[in-house]
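This report goes through one protein model and the ligand placed with it. The sequence and structure come next.

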Amino acid sequence: MSNTQATNEHIINRADMINMIAKKIDAKSYLEIGVQTGKTFRAVNIQNKVGVDPDPKWKDQTDVMGSDQYFDMLEDDDKFDVIFIDGLHHWQQVARDIANSIDHLNEGGVILVDDCAPKQKAYQTRQPSVLHWTGDVWRAWLRYRLRMSEKGWFSCTYDVAFGLGILHKHNEPTEFNEDLKAIMSDSWQCDYEDFESKFDDVLDFRPVESFIDDWQGDENAKS
Ligand SMILES: C[S@@+](CC[C@H](N)C(=O)[O-])C[C@H]1O[C@@H](n2cnc3c(N)ncnc32)[C@H](O)[C@@H]1O
């Protein structure tokens, strides 16, 4: 099986998903943290696009700097409709990227976080060690799923690539039982095995086909 098939990206890729969301919410502005070759960035059809990457291979519309420095430069009212977080895959950085993205998201906007769902322990080491490296993005993702649910936000994770997290206020807020809260509130020190034992629940892991239902078929998802 090719890597593309292994990740479900033959059904829909991240740029397709971003474009579907953008159409649904009539997005006019897009920020991508971690642009690399611009594979996703170039395929996104949103009027105003900005990329941020300290070492990009694709430099058009890209600010060459780390995401912390970029957010520090923004004015409070500099906001985006869609923000895709795919920069440094260490939980502390991802947590800052999510927090800063929330502060710079327009009302009705959507945040996407890549690589939230490592299906094997070897994928989520701190240093890149395997082809399907996700880093420990999942730790930040779980913490923010819980934190933002308490503030009335919805989140779930789609089974595309290595888990695409989505955070927004278009649906009813997500609720978690006490067992899940225990894992999520301490996610930076949680054992991978505990995370793995509740993988589907702590991530609200959904098949990629349900993304299409959620964002194309359900008019209630519209703001
Ligand atoms: C997985 S790649 C991004 C892939 C791209 N989003 C895509 O879909 O084609 C991760 C990128 O994050 C960049 N990066 C590393 N640290 C970063 C930081 N602090 N802020 C923003 N980007 C960072 C790396 O240089 C690398 O190009």
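Which residues of the largest nonpolar core touch the most other members? They are Val82, Ile85, Ile111, Leu112 and Val113, in a core of 50 residues. Helix 6 (residues 137-149) gives the most to this core, namely 7 residues. In soluble globular proteins, nonpolar side chains tend to be buried together. Leaving out residues up to four places away in sequence, Val82 touches Ile18, Ile21, Ala22, Ala27, Tyr30, Ile46, Gly109 and Val110.

**Confidence and overall fold**

The model is predicted. Its protein chain has a mean pLDDT of 92, and 94% of the residues reach 70 or more. Residues 1-5 have a pLDDT below 50, and beyond near neighbours in sequence this stretch has 4 contacts in the model.

The secondary structure of the protein chain consists of 10 helices and 8 strands. The radius of gyration is 16 Å, close to the 17 Å that the globule rule gives for 223 residues, so the chain is as compact as a globular protein of that length. Taken along the principal axes, the box filled by the C-alpha atoms is roughly 40 × 40 × 40 Å. Of the 223 residues, 39% are buried. Among contacts between residues at least 6 apart in sequence, 59% join residues at least 24 apart.

**The ligand shell**

How many residues surround the ligand? There are 20, and the closest are Gly34, Gln36, Thr40, Gly66 and Gly87. Strand 1 (29-33) and helix 3 (39-43) are the elements that give two or more residues to this shell. By residue type, the shell divides into 6 nonpolar, 8 polar and 6 charged.

**Helix 5 against helix 6**

Ala95 is found in helix 5 (residues 91-103), and Arg143 is found in helix 6. Ala95 touches Ala140, Arg143 and Tyr144, with residues up to four places away in sequence not counted. For Arg143 and Trp91, 52 residues apart along the chain, the C-alpha separation is 9.8 Å.

Is Arg143 buried or exposed? Arg143 is buried because 20 other C-beta atoms lie within 10 Å, and 20 is the cut-off for that class. Ala95 has 19 C-beta neighbours inside 10 Å and therefore counts as partly exposed.

Gln61 has a positive phi of about 55 degrees although it is not a glycine. Asp115, also a residue other than glycine, has a positive phi near 65 degrees. Gln61 is placed in the loop between strand 2 (48-52) and strand 3 (62-63), whereas Asp115 is in the loop between strand 5 (105-113) and helix 6.

| Residue | C-beta neighbours inside 10 Å | Class |
|---|---|---|
| Gln61 | 15 neighbours | partly exposed |
| Ala95 | 19 neighbours | partly exposed |
| Asp115 | 24 neighbours | buried |

Why does Asp115 count as buried? Asp115 has 24 C-beta neighbours inside 10 Å, and a residue is buried if that count is 20 or more. Gln61 has 15 such neighbours, so Gln61 counts as partly exposed.

Conventions:
Residues are numbered from 1 along each chain as its sequence is written. This is a predicted model: local features need pLDDT of at least 70, side-chain atom pairs count only at pLDDT 80 or more; totals for chains, interfaces and linings use all residues. A residue is near a molecule or strand if its C-beta atom, placed from the backbone, lies within 6 Å of it. Helices (H or I, at least four residues) and strands (E, at least two) are DSSP runs, numbered from the N terminus. Ala, Val, Leu, Ile, Met, Phe, Trp, Tyr, Cys and Pro count as nonpolar, Asp, Glu, Lys and Arg as charged, and the others, Gly among them, as polar. pLDDT is the predictor's confidence in each residue, from 0 to 100. Two residues are in contact if their C-beta atoms, placed from the backbone, lie within 7 Å. The radius of gyration is taken over C-alpha atoms; the globule rule is 2.2 Å times the number of residues to the power 0.38. A residue is buried if 20 or more other C-beta atoms lie within 10 Å of its own, exposed if 12 or fewer, and partly exposed in between; C-beta atoms are placed from the backbone. A nonpolar core is a set of buried Ala, Val, Leu, Ile, Met, Phe, Trp, Tyr and Cys residues joined through C-beta atoms within 7 Å.
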